[in-house]
Amino acid sequence: MSETFNAHDTAAIEKLAAAREKILSQLSQVIVGQQEVIEQLLISLFSRGHCLLEGVPGLAKTLMVSTLSRTLNLSFKRIQFTPDLMPADITGTEIIEENRATGVREFRFLEGPIFANVILADEINRTPPKTQAALLEAMQERQVTIGRVRHPMADPFFVLATQNPIEQEGTYPLPEAQQDRFMFKVFVNYPSFDEEFEIARRTTAIFSEEVEPVLTGEEILELQRIVRQVPVTDHIIRYTLALVRQTRVGQPGSPEFIEERLSWGAGPRAVQFLIIGGKARALLHGRTYVTVEDIQALAKPVLRHRLVLSFTAESEGITTDQVIEQLLAVTPTREDELTSDARFQKIFAS
């Protein structure tokens, strides 16, 4: 695949790289650290994807998302998921209202909180599957169907869901099919000593949060279009396919440790997200081409929630991130080495 950028697109690319620096600068006034998490959120946004954030309470996940929406000049709504939350509480509902001019009663749709540009689905695993599923159509089709009427979502539309990994009592783990709708699963980790020192200094004194918008919704849509136009070589596509197809148990070319440690691998959506995410990452770093390093950098957030560990691996305390690290280690990055390897020849021929 080969595409040529025109002068307007080249200017947009420069604007995206510059916007990244401005967004990071604005966020740093409120958020301390978490640079990798913020970059993955931006990549997902410009790829038209959604993110699942996992981290213990108190790591500023909500503050990070709300501040990001302010830097992008987008509408933001937070939905606190609880066991008694119903689908209509998210999507909205129809009510009967009397038309004062005619005296006729008619249905009118009241929009739910999902009708915003940025949605924070806080603790999504605390609500039953029926309510979790209310997000599926909005995330995939960017619309909500109430009765026979389809209601389009705001564009751009970006869902960030959080879940707490340490409290599992009274929760409803997301099924694999719904996790697959999220482009990334991002781990929000504890801050370093210096970062936590700065957090303590800022939050225990008078501190002014001054965040200026960097991009408008229209500019984000334009940049999302530019991301799709970034050319990608056949080698990058082949390398991405090699990574993902190795995760499929029982398929030709899968390494032995995959057969031992996984019971289910990633589907085609993982390939799509790796490539489009690689394009967005390249532009954010000021490049007009995708490298193997872009794919490697996104392998964990894209694949970690799409791999199902075997019972043996879980009992040994092995994580999906460790499996992904092994995959990256056994996959050649050079084109000649990849295409000449007998094991990968089986993968490409299957």
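The model is predicted, so local features need pLDDT of at least 70, side-chain atom pairs count only at pLDDT 80 or more, and totals for chains, interfaces and linings use all residues. Residues are numbered from 1 along each chain as its sequence is written, and side-chain values use heavy atoms, with hydrogens and water left out.

The sheet first. Its 5 strands run in the order E2-E5-E8-E1-E9, with parallel pairing. Strands here are DSSP runs of E, at least two residues, and helices are runs of H or I, at least four, numbered from the N terminus. Two strands pair if DSSP finds at least two bridges between them.

Strands E2 (76–80) and E9 (184–187) are at the edges with a single partner strand each, so one side of each has no neighbour in the sheet. Neighbouring strands are turned by 20° against each other on average, direction ignored; axes are lines fitted to C-alpha atoms, for helices over the stretch in contact, and angles run from 0 to 180 degrees between N-to-C directions.

Now E5. It is joined to E2 by 5 bridges, and Arg 78 has Leu 120 as its partner there. Another 4 bridges join E5 to E8, where Val 118 is partnered by Phe 158.

Last, the helices. H2 (residues 35–46) lies across E1, E8 and E9, at about 165° to E9. H3 (residues 61–71) touches E1, E2, E5 and E8, contact meaning heavy atoms within 4.5 Å.
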